[in-house]
Amino acid sequence: MIDPDAELVRNAGAGDARAAEALVRRHLPKMVGVARRMLNDGAEAEDVAQEVFLRVWREAPRWKPGQAKFETWMHRVAINLCYDRLRRRREKTDPDAGVMVADPRPLASEEWLARQRAAKVNGALAALPERQRAAIALVHFDEMSNIAAAEILEISVEALESLLSRGRRALKAALADVAQDLMGGAEGAP
């Protein structure tokens with residue numbers, strides 16, 4: 001297994017600031033993206049990404065290449081941190097959780113529609129069970145292969161495909177009323 005990050009991790013572990021900076025440039029958007037999709041909260045996503053990189057700096061000197069790709073390990077850390085945060089959210093009772101409130105500020109109609117569509121999709125994604133949401137985020141938003149996503153989630157490829165299938169069905173049902181709008185009148189849209 002060739003790990004494209006191996007040299008950067010080795011150099012960052014030896015204290016090379018430029019290597020550490022290169023790791024951040026390469027992976028920060030992915031870490032923030034997967035956390036945002038898992039948590040549906042930009043600020044929390046940035047906090048998760050920061051925690052991931054703190055762990056990177058601690059683990060880089062001890063990293064042993066060959067067991068897993070470093071990026072896979074980083075995604076695993078990000079997903080676990082998101083699970084922790086989601087677990088803490090469930091432990092707190094928030095009567096307003098899940099309530100969608102329209103932005104009262106006047107917006108241009110196209111921008112408003114785009115925000116509404118994004119909110120609907122994000123709401124449907126946020127309503128998925130954590131494991132389905134993680135599978136969808138890794139495969140569809142981070143464009144990972146099923147094998148890589150299964151490795152991150154520590155499940156078999158078949159189990160990942162089952163999560164993806166259930167997640168897609170749930171999203172399709174949740175977004176049925178806006179499917180035509182989301183597809184933009186694409187051919188084959190229901």
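A residue is called buried here when its relative accessible area is under 20%. By that criterion, the buried residues of helix 6 in this predicted model are E130, Q132, R133, A134, A135, I136, A137, L138 and V139. The chain that contains this helix has nine helices and zero strands, and buried residues account for 36% of its 190 residues.

**Helix 6 and what follows**

- Helix 6 is mostly covered, in that nine of its twelve residues are buried.
- E143, which comes just after helix 6, takes a positive phi of about 55°.

**The nonpolar core**

- The largest nonpolar core has 49 residues, and those with the most contacts inside it are M38, V48, V52, I79, L138, L153 and L160.
- At least two residues of this core come from each of helix 1 (6–13), helix 2 (17–39), helix 3, helix 4, helix 5 (109–127), helix 6 (130–141), helix 7 (146–153) and helix 8 (157–174), and helix 2 gives the most, with ten residues.
- Domain 1 (1–99) and domain 2 (102–189) both give residues to this core, so it lies between them.
- Leaving aside residues up to four places away in sequence, L153 touches R76, I79, Y83, R131, A134, A135, L138 and L160.
- In soluble globular proteins, nonpolar side chains tend to be buried together.

**The loop at P65**

- P65 lies in the loop between helix 3 (42–59) and helix 4 (70–91), and P65 is exposed, because its relative accessible area of 52% is above the cut-off of 50%.
- Although P65 and V9 are 56 residues apart along the chain, their C-alpha atoms are separated by 9.2 Å.

- Among contacts between residues at least 6 apart in sequence, 63% join residues at least 24 apart.
- The accessible surface of the chain comes to about 11,500 Å², of which 53% belongs to carbon and sulfur atoms.

**Confidence**

- The mean pLDDT of the chain is 84, with 85% of its residues reaching 70 or more.
- Among the elements of the chain, helix 8 has the highest mean pLDDT (95), whereas helix 9 (residues 179–183) has the lowest (69).
- Over residues 185–190 the pLDDT is below 50, and this stretch has five contacts in the model beyond near neighbours in sequence.

Terms used
Residues numbered from 1 in each chain as written. Predicted model: local features only at pLDDT ≥ 70, side-chain atom pairs only at ≥ 80, totals over all residues. Heavy atoms only, no water. Helix = DSSP H or I, 4+ residues; strand = E, 2+ residues; numbered from the N terminus. Buried < 20%, exposed > 50% of the residue type's maximum accessible area, 1.4 Å probe, protein only. Core = buried A, V, L, I, M, F, W, Y, C linked by side-chain atoms within 4.5 Å. Domains from an automatic or database assignment. Contact = heavy atoms within 4.5 Å. pLDDT = per-residue confidence, 0-100. Areas by Shrake-Rupley, 256 points an atom, 1.4 Å probe, with all protein chains shown as cover.
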